[in-house]
Amino acid sequence: MNRRQAIQQLSIMGVGLALYPACNLEDVPTYARVLLERKQYGIFKQFTEAILPVDHTLYPTPEPRSTFILTILNDCTSTQEIGQYLEGLKEFETYLSENKLKSLDKLSNEKLDEIFSHIEDSKESNENLSRFARITKSLAVQHFTGSEKFMTEEMEYEFVPGRYIGCAKI
Amino acid sequence: MNDNSHTFDAIVIGAGMSGGWAAKEFCDHGLKTLILERGRDVKHITDYPTTNMLPWEFKHRGRIPIEVEEANPVISRCYAFREDAMHFFVKDTEHPYGQPKPFDWIRGYQVGGRSIMWARQTQRWSNYDFEGPARDGFAVDWPIRYEDLAPWYSHVEAFVGISGNKDGVDTLPDGEFLKAWDLNCVEQHFQTSIKENYKDRHVIYARCAHITEMKEIFQKQGRGLCQGRNICQRGCPFGGYFNSNSTLIPWAEKTGNLTLRADAVVHSIIFDEKSGKATGVRVVDRLTKETTEYFAKVIFVNAGTLNSNLILLNSLSDRFPNGLGNDHDLLGKYVAFHNYRARISAEHPGHKEFAPEGGRPTSAYVPRFRNVYRQETDFLRGYACTFGAYRGKQTNSDGFGQTLTDHLLDDKEYGGWRVGSGMMGETIPKENSRVWLDQEKKDEWGIPLLNISMDYDENDEKMIQDFFEQYTEMFEKAGFTNISTRDSKQAPGLDIHEMGGVRMGSDPKTSMLNKWHQIHACPNVFVTDGACMTSVSTQNPSLTFMAMTARAANHAIEQLKKEEI
C-alpha cells in the first residue's frame, strides 16, 4: 500500500467514524432471511445489550447475544414475524433519530429508562416497535438465563443429578 | 439367489423393540438369525451424537428450524421432535403416506426404531383388558388371557429392568420390579386424597423401564444405573433406560448368531404355494435400490404396527392376492389408537415448604377405574391417566435494562406447585378404521404408499367429557385450585400407540393370527408388534409387545425343533 492509498483509506475511516458509533465498524453478519444494514445492525446490537446489561465475562456463552438472537430469528422464525421484527427495528431507528440519540451504549441509565418507558407505552400505538422490543428481550433473557453459569449457579441446574428427592425442604 | 449367505433359521423384520426381542430369543437358542432394518444402523452410545450436549451448547437451544417445521408439519407436532433428538425421527418429506383422515404417524427408521425415543412407561395388562372385547361386544375375543402372558412379562421385565412398586392393584398386575423413585409430596398428597375418597381408584408410581438397582444381568449387558437426566430421547450413555440398541441387539450379537442388515427395506414376504409356507423376504436396499432375497424357516414381522400391515398387504401371491393371510379382507382393518386429547391442570396451594430435588424419569399413574368391574357409564371402556406435580425456581423477567438484570439475578423464588393429568383413553377398533395400499403412488423403493384412515367417535367424545368431570372432582377433593381442562383436538397418531390391523383371535374366519401370533393361513409367519393387537386397552403397550414377542418366539423355537413349521 503506498502513502496515497493509506491516506485515502484513513479519510474514509474518518468519515465512517464521524457517521457511526465505534461498534458500527464491525462487519454486518450475513443471514439469508434477516437482512440488516450496517446502521441497523449497530442499533440492534446496542439494543440487545442495553435491554439486559450483563458482564459477559462473568456469564460466558458459546456465542455473543446478538449472534444468538439473529440465529433464532433467521433459522426459527416465520417470514412474517421477521418482517414485523424488522419493521419494529426501523421504528426504533426512527425514534432514536427523532430524539437525536445516536449511541445507546453511551446513554445514562435514566435516559435508557426513558426509552424503555416509551417502548412500553407504545404497546397499542406502535405494535411493531413493541413486538421488536418484546422479542429481543425474550431472546436476550433466554440467552442469559440459559448460560452455563446462570443455570448451574443461579438455578442449581444439574446435568447428571443421579438422585431424586420428592420432598426436599426449601 | 438362495446361497448360504442368504439363508437363515429365522428372519426378523424390524430392529426396534419387539424385533429386538425376537432376535434375542432366537439367538439365545442358537438359531442363525437375520434381523432386517429399513433405516440406518445406530450403535449404542457411538451414534447418540447429542447425548452429552449441555443445554447451552445447542445452536437453537432446542428449537426446530422453521424450514424443517414447515416442511414437516406432522413430525413437528410430536413432543419429542426437538433439536436434541430430531435426527431419530422420520421427516414427513422423506416418507409420505396418505391421510384420507388426519393421522400423525410418528416414526423412527433406524436400528432401535422408536425404542430410542420412547416414553419408557411399562404397565402390564390384566384380564380386565384381555376380556374387554368379549365382555363389551366389540372386535373379537382375545385368544389369550393374562395367565398366558404373565410369565413372559416377568421374563422381559427381569431383562429390561423395570422400576416400580408392588401396588397390589388388580387392574394393573405387579411384576419383577426394581426399586421406585419417590413420588413427590404433592403426588403423595393426591394419592392419599384419592384413597380417602374413592374405593376403586388408585394413584401409584408409574412403572418405567429404567435401572435403579444394579443386578448381574445389567452388568452383563454393560448397562448402568439411570441418572435421572430426563433426556432419554437422545439415547443414554449409561444405558440407564432400556432400548433395543443398548440391550437386545448387542446381546444377540454376542451369541455370534445374529446378522444385522441395516438399510434393508422389506418389500414383501415370499410365499411358496407348494409348501403353503413363507420361504423368505424380498428386500430393497435403501441406498442402492438393489433387490435381494433372504430365506428362512420362520419369519417374524416386527416392522412397527402400520408398516407390518403394509408389508403383509404388499405380500401378494396367487394364493393370497389381497395380502398374506388375508383370506377374508380383514388385513388392515380394526386399527385403533389411544385417545390422548384431554388434559387437566391446576395449582396446589399447599406444601409450600417443599420442592423436588434432582431428576427422575417418571411420575404417578392412575390405572383405569371406569367400567372395570361392571358397565357404569354410557360409553364403553375407560381411561388411565398420568399424574404429575411440579415445582421449580422461577425467574422474574419484569422490566428493561438494569431493572431486568437485577430482577433476573436477585429475584428467584420457587413458583407454586402445578399439577396435571393426561388421559390415555381406550378406543374401539372398528372395521372402517383401516389402512390400505395406494393403487397409484409408490415410494422411492417401489413400494405402494400406505393410506391411513381412523378417527374419534362418539364413544371417545363421551369419554373425554367423563375424564373432565371425574378428574375435576378428584382435583377438587384434593384441594387443587384454578383447575382448567383442555381438549387438544389432536389427530390420532400423536399418542404413538397405533395398534391392530392384523388382529389375533381363535377363529381364522374373523382374525388374522392365532394365539401364538402365527398367521392362520401361513403359520411360519408371526406378527408380534402392535399390529397383532385385537384391542388396545389403556396401558402404554410396548411392554406387552415385548412379552408377546418373547412368548411367540419361544413357541416358534419349539415348533422348529419339532419340525412343525
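A cavity is a set of points, on a 1 Å grid over the protein atoms alone, where a 1.4 Å probe fits but cannot get out. Grid points are joined across faces, edges and corners, and a volume is the space filled by probe spheres set on the points. This is a predicted model, in which local features need pLDDT of at least 70, side-chain atom pairs count only at pLDDT 80 or more, and totals for chains, interfaces and linings use all residues. Residues are numbered from 1 along each chain as its sequence is written, chains are lettered from A in the order in which they are written, and side-chain values use heavy atoms, without hydrogens and water.

The whole structure holds four cavities of 30 Å³ or more. Lining residues have an atom within 4 Å of a point. Six of those in the largest cavity are nonpolar, six polar and one charged. Here Ala, Val, Leu, Ile, Met, Phe, Trp, Tyr, Cys and Pro count as nonpolar, Asp, Glu, Lys and Arg as charged, and the others, Gly among them, as polar.

The second largest cavity has about 60 Å³. Among its lining residues are S126(B), D129(B), Y365(B), R368(B) and Q539(B). That lining splits into six nonpolar, four polar and two charged residues.

Now turn to the rings. Rings of Phe, Tyr and Trp (its six-membered ring) pair if their centres lie within 6.5 Å; planes under 30 degrees apart are stacked, over 60 edge-to-face, and the rest tilted. A search over all chains finds 40 aromatic pairs. Y59(A) and F144(A) have ring centres 5.0 Å apart and planes at 75°, so they pair edge-to-face. Y59(A) sits in the loop between α2 (38-50) and α3 (65-76) of chain A, F144(A) in helix α6 (residues 127-145), 85 residues apart. Helices are DSSP runs (H or I, at least four residues), numbered from the N terminus. Y59(A) is buried at 10% relative accessibility, and F144(A) is buried at 4%. Buried means under 20% relative accessible area (1.4 Å probe, protein chains only).

Chain B has its own edge-to-face pair: the F81(B) and F89(B) centres lie 5.8 Å apart, with planes at 90°. Both residues are buried. Ring pairs also link a cluster that includes F190(B), F369(B), Y383(B) and F480(B).

Charges meet rings too. The charged end of R434(B) sits over the W436(B) ring, 4.1 Å from its centre. R503(B) lies over the face of Y334(B), 4.0 Å from the ring centre. The criterion is NZ of Lys or CZ of Arg within 6 Å of the ring centre and within 35 degrees of the ring normal.

Technical notes
Helix = DSSP H or I, 4+ residues; strand = E, 2+ residues; numbered from the N terminus. Buried < 20%, exposed > 50% of the residue type's maximum accessible area, 1.4 Å probe, protein only. 1 Å grid on protein atoms, 1.4 Å probe; cavity = no way out; pocket = protein on both sides within 12 Å on 5 of 7 lines; lining within 4 Å.
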